[in-house]
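Welcome! Please take a moment with the sequence and the model, and then we will walk through them together.

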Amino acid sequence: MGKQVSETLQEMLGILKEGQMTEGQKIYFADSVVTQEGNQPPIVGKQASIERLDKFRETIGVAAFISYAIGAVAVVGATSFYDAVLTLKLNNGETISLEQVVKTEWQDGKIVKERCYHG
């Protein structure tokens, strides 16, 4: 049956805490993953999700990753939830923190659907 969702989730969060967001997507996203940011239209496909992340970094002008602090984590069946705070240094010298809650659906050790809610 392979690893449990909670084990795979903890591995992924370990990578994300190091600031390796794109690497996490490459490893854990299924090729046909559906991702959605809040109420924005969903995006289909691993490559499209990676490109959205790159565009986000470029748009806000990310100079450096500071931290990705994980709060509460829950797993129910093949669905996981966690909240986190992403802290970044921008090109203009400003430091920003972005709060989010992430709901993820897993299948065979890969993410098939993920939705992020931002505060």
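How many positive and negative side chains does the chain have, and how far apart do the centres of the two sets lie? There are 12 positive and 15 negative side chains, with the two centres 2 Å apart. Here Lys and Arg count as positive and Asp and Glu as negative, while His and the chain ends are not counted. Each charge is placed at NZ of Lys, CZ of Arg, CG of Asp or CD of Glu.

A word on the source: this is a predicted model, in which local features need pLDDT of at least 70 and side-chain atom pairs count only at pLDDT 80 or more, whereas totals for chains, interfaces and linings use all residues. Residues are numbered from 1 along each chain as its sequence is written, and side-chain values use heavy atoms, with hydrogens and water left out.

**The overall fold**

You will find 3 helices and 6 strands in the chain. Starting at the N terminus, their order is α-α-β-β-α-β-β-β-β. The radius of gyration is 14 Å, close to the 14 Å from the globule rule for 119 residues, so the chain is as compact as a globular protein of that length. Helices (H or I, at least four residues) and strands (E, at least two) are DSSP runs numbered from the N terminus. The radius is taken over C-alpha atoms, and the rule is 2.2 Å times the number of residues to the power 0.38.

Along the principal axes, the C-alpha atoms fill a box of roughly 50 × 25 × 25 Å. Of the 119 residues, 34% count as buried (under 20% relative accessible area; exposed is over 50%, partly exposed in between, with a 1.4 Å probe and protein chains only).

**The aromatic pairs**

Which rings meet? The structure holds 2 aromatic pairs. Rings of Phe, Tyr and Trp (its six-membered ring) pair if their centres lie within 6.5 Å; planes under 30 degrees apart count as stacked, over 60 as edge-to-face and the rest as tilted.

| Pair | Centre to centre | Angle between planes | Type |
|---|---|---|---|
| Tyr28 and Trp106 | 6.4 Å | 75° | edge-to-face |
| Tyr68 and Tyr82 | 6.5 Å | 85° | edge-to-face |

Tyr28 sits in helix H2 (residues 21–28) and Trp106 in strand S5 (residues 95–107), so this pair links distant parts of the chain, 78 residues apart. Tyr28 is buried at 7% relative accessibility, and Trp106 is buried with a relative accessible area of 7%.

Tyr68 belongs to strand S3 (residues 62–76) and Tyr82 to strand S4 (residues 79–90), so their pair ties together parts 14 residues apart in sequence. Tyr68 is buried at 5% relative accessibility, and Tyr82 is buried at 4%.
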